[in-house]
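Please view the sequence and structure below alongside the text.

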Amino acid sequence: MALSGAADRLRGVPEVYDPLTDPAPAHDLRAVLRIRAFRRLWIAFGLSSLGDWIGLLALTAMAKAFAGDDYQMANFAIGGVLFLRVLPALVMGPVAGWIADRLDRRWTMILGDLIRAAFFVTIPLVGTLTWLLIATVLIEIVSLIWGPAKDASVPNLVPRHRLEAANQLSLITTYGSALPAAVIFTAITLVTRGLGEFSIDLAVYVNAATFLVSGLAIVSVAEIGRAVHEHEEHPTLWRTMVDGWSYVTGTPVVRGLVVGISGAFAAGAVVIGLGRTYVEDLDAGDPGYGVLFGAVFGGLALGMGFAPRLFSGLSRRRLFAAGLVGSGIGLAGLALIQQLEIATMIAIVLGFCAGASWVSGYTLLGLEVPDAVRGRTFAFVQSAVRTVLAVTLAVAPFIAGAIGRRTVTVGDRSLSYNGAALTMLIAAILAGVIGLVAWRQMDDRPGVPFWRDVRRSFGKTPGVYPTTGFFIALEGGEGAGKSTQSALLVKWLQERGHEVLLTREPGATDLGKTLRQIVLDPATGDISHRAEALIYAADKAEHVDSVIRPALKAGAVVITDRYVDSALAYQGSGRDLEIADVERVNRWATDDLRPNLTILLDLPPKRGLGRFEERDRIEAQSADFHERVRAAFLELAAAEPQHYLVIDATQEREQIAQQIQARLLPMLPKVEL
Ligand SMILES: Nc1ncnc2c1ncn2[C@@H]1O[C@H](COP(=O)(O)OP(=O)(O)O)[C@@H](O)[C@H]1O
Ligand SMILES: Cc1cn([C@H]2C[C@H](O)[C@@H](COP(=O)(O)OP(=O)(O)O)O2)c(=O)[nH]c1=O
């Protein structure tokens with residue numbers, strides 16, 4: 001890869017960026033932005049989001065201006081705008097997804113942006129409240145089709161393992177643009193204060209301009225394409241809606257995700273909806289509301305941006321559920337602790353948890369749902385989320401108002417509470433319950449304690465992935481078929497023109513042979529577990545330094561039969577050592593060099609050991625030992641699916657080989673012919 005790259009540079013051929021061979025870790029946001037098509041979509045989308053927020057601020061301000069001085073009228077007008085913004089989603093969310101799935105996604109987005117720009121321009125030109133409300137509905141309908149078209153295109157632009165980072169960026173952009181939008185809006189209205197109503201008109205025009213530019217930016221993203229429907233009959237609209245609904249409700253994982261994503265959203269919305277009355281009860285007024293609002297949004301952005309990386313030891317499903325429970329706990333904290341400074345900090349944590357949940361939920365959904373129904377499903381989620389938003393924003397203050405402020409006296413103790421706090425407490429319980437249900441339904445690591453996963457997240461290094469050559473590790477228990485598959489793999493790679501080096505641990509170097517002799521000979525007897533771990537680690541250090549790294553540097557595909565995961569599984573989980581300690585030693589020994597792909601051949605230990613008769617010192621360990629080893633391998637793979645291929649090794653040799661080839665094909669460096 002590097003050799004051909006260097007040769008290309010010498011010949012003056014510009015190197016084509018290939019996202020599949022980019023060695024940057026999967027969560028690297030910059031790596032997604034290196035993909036040109038996605039970058040353009042992202043810019044367009046960022047502008048649309050910015051416009052959306054400016055539009056929200058400008059239109060509410062304008063509605064108030066149209067309504068005049070009457071306080072109640074002004075509230076109705078503002079309420080009307082907010083309500084009409086969510087109404088279309090409630091009525092036609094699924095239909096919008098159906099339409100988005102049928103249409104060319106690129107043209108849907110381009111036209112959608114241009115139409116929205118045009119509608120926005122007409123609002124100040126016509127200048128009546130009625131038209132403002134009608135235009136709001138029309139703009140919202142267009143947005144409803146635009147959104148799913150955008151969401152559904154992302155998986156076609158970025159490789160699977162970068163989908164999470166891409167979705168994270170989308171979400172950060174959606175909510176991150178709220179702040180610059182507020183600044184722009186304030187700046188416009190401040191600067192043009194003397195111009196009266198024109199000042200808000202100007203904000204609306206700026207907003208229209210962002211949509212115009214966004215539409216033009218998408219013109220250049222030719223890769224977006226449309227969903228594949230070639231051999232499919234076109235079902236009726238009604239059928240599609242019923243199918244969409246039954247698909248979402250009939251697939252437990254998808255159903256759990258939709259419920260959970262809505263729950264995360266509701267937790268944030270409760271704070272926004274109740275925030276104004278909540279801070280009033282703290283005697284904090286408007287600035288307090290601003291701070292609380294900012295805290296939730298800030299936390300949300302932080303959660304979306306950093307949670308997956310910070311908690312890299314948690315699987316996405318676990319992060320999703322834990323985020324929900326965390327939001328519930330945060331809400332309960334807000335309800336119980338009525339002091340602005342602490343409440344602000346809790347609001348940040350709450351936003352963070354909701355954001356973490358949301359970004360992992362979206363990512364999981366993108367991975368679970370097939371391309372042909374993705375538009376429909378995302379549309380479904382969006383309408384579910386908007387419904388929840390509308391209901392929460394409308395119902396929460398109502399409940400709070402109905403409860404009012406009360407003081408209960410029991411004996412000589414009196415307890416004061418207010419409606420907003422109590423409503424938050426109810427919402428907290430709901431969010432917590434949804435989170436726990438999601439956890440129970442979707443946990444992909446049963447039996448692994450949550451806190452162990454969390455602890456594992458900290459102190460973890462991202463690892464070094466080879467940028468030249470390609471590094472493959474085969475892992476699995478005894479007799480899983482590693483030697484068999486590595487031989488088949490070598491043959492296949494060589495046929496495709498790759499330079500291949502097959503090696504193994506322990507014992508691939510002179511030093512290694514001696515160490516192997518010591519550590520595997522039954523005559524060695526019982527040695528201290530730490531000594532055993534260090535011998536294996538010493539073998540690895542020599543192996544990486546004198547065999548693996550030089551071969552990778554020369555551009556070869558290196559296949560090793562066992563690597564660091566074996567040490568983590570055998571010495572870490574099989575023995576009584578702390579996995580984290582074994583990991584530190586081995587990361588140091590290998591200079592943190594990690595395989596681009598680890599192929600785990602998973603087999604019940606009995607079947608593997610049954611495949612041969614002799615036993616070395618390790619193979620002779622108890623059945624429990626081998627069960628723990630197997631579980632440890634699976635756990636390692638589950639935590640980082642983008643770097644693993646787990647294969648059911650009870651299958652036929654050929655079948656296994658084909659699955660390995662299919663996964664490797666798009667990842668391998670190009671061969672220079
Ligand atoms: N898919 C398979 N199904 C049945 N037997 C297999 C399969 N793959 C390998 N074997 C046999 O199982 C034994 C162990 O395989 P091997 O590749 O040496 O495993 P490992 O290197 O993981 O110890 C060998 O006798 C091999 O022929
Ligand atoms: C690389 C490595 C292997 N081992 C064990 C696993 C195996 O039982 C043994 C290697 O034996 P070997 O016969 O080479 O492996 P296989 O069973 O795949 O043919 O060493 C560790 O305990 N720690 C390690 O770090």
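The model is predicted. Strand β5, residues 557-561, is mostly covered, with 4 of its 5 residues buried.

Two strands pair with β5.

In general, the strands of a sheet pair through backbone hydrogen bonds, in either the parallel or the antiparallel sense. Here an open sheet is formed by 5 strands in the order β4-β5-β3-β6-β7, with parallel pairing. The edges are taken by β4 and β7 (644-648); each has a single partner strand, so one side of each is left without a neighbour in the sheet. From one strand to the next, the twist averages 20 degrees.

Helix α18 lies across four of these strands, namely β3, β4, β5 and β6. Relative to β5, α18 runs at about 170 degrees.

## Packing of α18 with α25

The packing of two helices is described by the angle between their axes and the distance between the axes. For α18 (residues 482-495) and α25 (residues 653-664), the angle is about 55 degrees and the axes are 10 Å apart. That angle makes α18 oblique to α25. The crossing of α18 past α25 is right-handed.

On the α18 side, the contact is made by Thr-484, Gln-485, Leu-488, Leu-489 and Trp-492. These meet Arg-653, Ile-656, Ala-657, Ile-660 and Gln-661 in α25. Sorted by class, the residues in the contact of α18 with α25 are 6 nonpolar, 3 polar and 1 charged.

## Backbone details in the loops

Most residues other than glycine have a negative phi, and most peptide bonds are trans.

The peptide bond between Glu-505 and Pro-506 is cis, with omega at about -10 degrees. Pro-506 belongs to the loop between β4 and α19 (510-520). Arg-562 is not a glycine, yet has a positive phi of about 80 degrees. The loop holding Arg-562 runs between β5 and α21 (564-574). Asp-591, also not a glycine, has a positive phi of about 55 degrees and sits in the loop between α22 (579-589) and β6 (597-602).

Are Arg-562 and Asp-591 buried or exposed? Arg-562 has 20 other C-beta atoms within 10 Å, and a residue counts as buried at 20 or more, so Arg-562 is buried. Asp-591 has 11 such atoms within 10 Å; the limit for exposed is 12 or fewer, so Asp-591 is exposed.

## The chain as a whole

How many helices and strands does the protein chain contain? There are 25 helices and 7 strands. Of the 673 residues in the chain, 46% are buried. Among contacts with a separation of 6 or more, 82% are between residues 24 or more positions apart.

Terms used:
Residues are numbered from 1 along each chain as its sequence is written. Chains are lettered from A and ligands numbered from 1 in the order in which they are written. This is a predicted model: local features need pLDDT of at least 70, side-chain atom pairs count only at pLDDT 80 or more; totals for chains, interfaces and linings use all residues. Axes are lines fitted to C-alpha atoms, for helices over the stretch in contact, and angles run from 0 to 180 degrees between N-to-C directions. Angles under 35 degrees count as roughly parallel, over 145 as roughly antiparallel, 65 to 115 as roughly perpendicular and the rest as oblique. A crossing is left-handed if the near helix is turned anticlockwise from the far one by less than a right angle, and right-handed if clockwise. Two residues are in contact if their C-beta atoms, placed from the backbone, lie within 7 Å. Ala, Val, Leu, Ile, Met, Phe, Trp, Tyr, Cys and Pro count as nonpolar, Asp, Glu, Lys and Arg as charged, and the others, Gly among them, as polar. Two strands pair if DSSP finds at least two bridges between them.
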